[in-house]
Amino acid sequence: MPHRPDELDDVLVDFVTRLMSGGESDGLDALIGSDLSFSQARTLFLLAKTAESMPIHAIAEGLGLSVAAAGRNVDQLLGLHMVERRESTSDRRVKLVSLTSTGEQLVAQHVEAKRESVKAFTRALPPEQRDQLHRALTDILAGGVLRPRTDQENCL
């Protein structure tokens, strides 16, 4: 007997929530030692996701912050050597912000911790469940319901 869509919704939400909870916990462990605020970490992830320099006003818009708050985050991240700021070549009033290698490394550690958490989950599954999950996810990814990942999404 087929399951009702709301039953599947509930099971899927529970599954994804549990899976993400473990991954987020492991991923946050990579950030704890850096003493970053949540807002500063979000700034790093936004810069990593866009993979190019951003003006402070665009960072503010992307994070739903005021320009002043985004500017304070950038100033603090500058002090931690996580980002660098330079003038735009087209408009000296605009300051462009990008990740330094230190910032890139911290984001990569966070992402890798989350990936390792997912890998640990799949390794813990009994082989039959792992094979079933692989078949189901392969079919879903081959279908047209989910859009393909972009290069920027590969880092987060």
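Let me start with a term: buried means under 20% relative accessible area, exposed means over 50%, and partly exposed is in between, with a 1.4 Å probe and protein chains only. Today's topic is salt bridges. By that I mean a side-chain nitrogen of Lys or Arg within 4 Å of a carboxyl oxygen of Asp or Glu.

A word on the source. This is a predicted model, where local features need pLDDT of at least 70, side-chain atom pairs count only at pLDDT 80 or more, and totals for chains, interfaces and linings use all residues. Residues are numbered from 1 along each chain as its sequence is written, and side-chain values use heavy atoms, leaving out hydrogens and water.

The whole structure holds 6 salt bridges. Here are some of them.

Start with Asp 14 and Arg 18. Their closest N and O atoms are 3.1 Å apart. Both sit in helix 1 (residues 5-32), 4 residues apart, so about one helical turn separates them. Helices here are DSSP runs of H or I, at least four residues; strands are runs of E, at least two; numbering goes from the N terminus. Asp 14 is partly exposed, at 37%. Arg 18 is exposed, at 60%.

Next, Arg 85 and Asp 75. This salt bridge is 2.7 Å, N to O. The pair links distant parts of the chain: Arg 85 lies in strand 2 (residues 83-87), Asp 75 in helix 4 (residues 67-79). Arg 85 is partly exposed at 37%, and Asp 75 is partly exposed at 41%.

Last, Glu 87. Its salt bridge with Arg 92 is 3.3 Å, N to O. Glu 87 is partly exposed at 38%; Arg 92 is exposed at 62%. Lys 95 joins these two residues in a network of salt bridges.
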